[in-house]
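I opened this entry to look up an annotated site and the strands of the sheet. My notes follow the order in which I checked them.

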Amino acid sequence: MRQPKIIDRSQDQRFMREALAQAAEGAERGEVPVGAVLVQDGAVIGRGFNCPISTSDPSAHAEMVAIRAAAQALGNYRLPGSTLYVTLEPCSMCAGLIVHSRVERVVYGATEPKAGVAMSRGEFFSQGFLNHRVLIEGGVLAQECSAMLSAFFKARREAR
């Protein structure tokens, strides 16, 4: 039986700051500022930011990009023992990928009241039909994550 991980809150904040840097990179490119990093054994194995506009790919959410990068880097579609840090609560599409790729833990910043499925619009990860359990923690650097999104959308409205 696997031993439970000891959760290091300072490490959570450090990696969430890396996800925020990814989100900022996306914002600079005109994408909605959501960033993600995937970590295994204390090292970043995948990074990503939202890029569906620039790639004409509706699945190019930050989580998708980071998980794809990690799977390619490791040569494995399964990512056991990994933690995904993402600045915004995952949507249903990303939640499915998280389960299928066997991410162990998701740490997110801001809640997504319209489409978030970790807590806001249902608790997807606790559904009995799933064959993999994911640990969820929300609210890490939530104010910073939310402020970045709010500033982006405010600037977009003002530009109109």
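I count two strands as paired if DSSP finds at least two bridges between them. The model is predicted.

Strands next. I looked up β3 and β4 (residues 105-110): they pair in the parallel sense over 5 bridges. Thr 83 stands opposite Arg 105 in β4. From β3 the chain crosses through α4 to β4, and this β-α-β crossover is right-handed.

I then checked β1 (residues 35-40). It runs antiparallel to β3, and 5 bridges join the two. Val 39 has Thr 83 in β3 as its bridge partner.

Is β3 enclosed or open? I found 7 of the 7 residues of β3 (residues 82-88) buried, so the strand is largely enclosed by the rest of the structure.

Now the site. I took the "binding site" feature from UniProt, where an unreviewed entry places it at His 61, Cys 91 and Cys 94. These residues spread over 34 residues of sequence, yet they cluster in space, with a largest C-alpha distance of 9.3 Å.

I located His 61 in the loop between α2 (52-55) and α3 (62-74). Its relative accessibility is 21%, so I log His 61 as partly exposed; the cut-off for buried is under 20%. Beyond four places in sequence, His 61 touches Asn 50, Cys 91, Met 93 and Cys 94.

Cys 94 sits in helix α4 (residues 92-100). I log Cys 94 as buried because its relative accessibility is 0%. Which residues does Cys 94 contact, leaving aside neighbours within four places in sequence? I noted His 61, Glu 63 and Met 64.

How values were computed
Residues are numbered from 1 along each chain as its sequence is written. This is a predicted model: local features need pLDDT of at least 70, side-chain atom pairs count only at pLDDT 80 or more; totals for chains, interfaces and linings use all residues. Side-chain values use heavy atoms; hydrogens and water are left out. UniProt positions are given in the numbering used here, feature names are shortened, and annotations may be inferred rather than shown by experiment. Helices (H or I, at least four residues) and strands (E, at least two) are DSSP runs, numbered from the N terminus. Buried means under 20% relative accessible area, exposed over 50%, partly exposed in between (1.4 Å probe, protein chains only). Contact means heavy atoms within 4.5 Å. A crossover is right-handed if, with the strands pointing away from the viewer, the path from the first strand over the helix to the second runs clockwise.
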